[in-house]
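Good morning, colleagues. I would ask you to look at the sequence and the model before I go through the computed description.

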Amino acid sequence: MEKVKKNINRMIIMMFLCMVIYNLGHPGTPDLIQMRGWKKSISGEFLAFMSTAMFISSPYLGALADRFGMKRIFVLMPFFYGIAQLIFGFATSIPIIFLARIIAGFVSGGTFAVAFGYVSQLSEKEEKAKNIAKISSAIVIGGAIGQKIGGIVATVDPRYSFGLQFICGGILSLFILVFMREIINRREVIKKLENTLDIKNNKSLNPFLTFRYIKELDGFSKFFCVIIFLSGIGIYSYASALNYFFKFYEKVSADTIGTFVMCSSLLAFLGTGFLLEKLLKKFKEKSIHKIMIFIGIILMSAIFFRIKSGITPYFIMAVYTMTYEIVRSLGNTIIARRYTENQGKILGMVSAVDSLGNAIGSYLSGHLLAFNPFLPFIVNIGIMAVVLILIERRVSKIFYKLKI
């Protein structure tokens, strides 16, 4: 039991370090776009390409990790992400830069799928929610620190933060190789490697079979995949636009953007790391999920009206970040608890549908922001309201069938 706990803690630490590195480039991206003289809406296109690649890779790399071993896949992720970011920061050819976005997205999808799958597979059923929340907290706090460091570096030259990602990504891959432990024994690895010689088994490891994987889920999990997908669109139509809103309309520096993101992420960390754990002792995951969506709608409405009146409500924005991180963490838990095997593949599918929503929301964000700076906030409110209505209708149907 102690050994299992140590392995979970190692993954939490490694995921924290991954998120520090993966977020170094975000605050400098608006400056990089400005430096290159690209159109503002390209920000959403970059994120959309990256998120689409995550949609493809998450269940695929999760399934590979289930078969070959989690560590074998995870160790490659930071290194290849660093290479992709180096290309993104220093290349000037648009097609090559979009290719770098695809590679970065493919690697990111694998990182999330393996990390969530690793922890979920090691956790007892009653511990899944708590341990997945810990991974979510590591993601949030690592992202916060990465954004702050990246913002400071980008004030010198936005390209330097991408070079730093390359250097740190290579170092972290070495750390994972040395300190991480595999969670399947050598005999199981050999057996699974032998199984890969079977053509039928290889057909199941196709990166373009995400929709087939989703089709294999039970009815409630399919419904919740739709909820996660729509939530992703709603959340990222706002979240992906925020840095660019600050840069192009609020005229703040990359360092200021990094500071805000760090502070809002720290609040989100408190939400996923402490508040959620207390709420889980009193309420079911589905109830908390629904309540947080409702609170998020109220907060976003307040954000919209404050911005409309010429005031940027930074604190309310930070609290909203906390609510949507809790919603995202619970989305993983609600589906993961329904299955005992193939956790890499299952959690990969959850990440995939979230990434597809992220892709559409991110693509919309750039164009919404370019058309009108208030639209990302309005679209967020509208889509999340639809999500809440769908959840309520589903719950009402279940109660009707049970005649409660």
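Leu-177 lies in helix 8, where helices (H or I, at least four residues) and strands (E, at least two) are DSSP runs numbered from the N terminus. Leu-177 counts as partly exposed because its relative accessibility is 49%; buried means under 20% relative accessible area, exposed over 50%, and partly exposed in between, with a 1.4 Å probe and protein chains only.

This is a predicted model, in which local features need pLDDT of at least 70, side-chain atom pairs count only at pLDDT 80 or more, and totals for chains, interfaces and linings use all residues. Residues are numbered from 1 along each chain as its sequence is written, and side-chain values use heavy atoms, with hydrogens and water left out.

Which helix gives the most to the nonpolar patch? Helix 8 does, with eight residues. Helix 5 (77–90) and helix 8 (158–179) each supply at least two of the patch residues.

Turning to the chain as a whole, the protein has 17 helices and zero strands. Of its 404 residues, 58% count as buried. Contacts, meaning heavy atoms within 4.5 Å, with a separation of 6 or more come to 86% from residues 24 or more positions apart.

Finally, the cysteines. How many disulfides does the structure hold? The structure holds zero, a disulfide being a pair of cysteine sulfur atoms within 2.5 Å. Cys-18 counts as buried, at 0% relative accessibility, whereas Cys-263 counts as partly exposed, at 43%.
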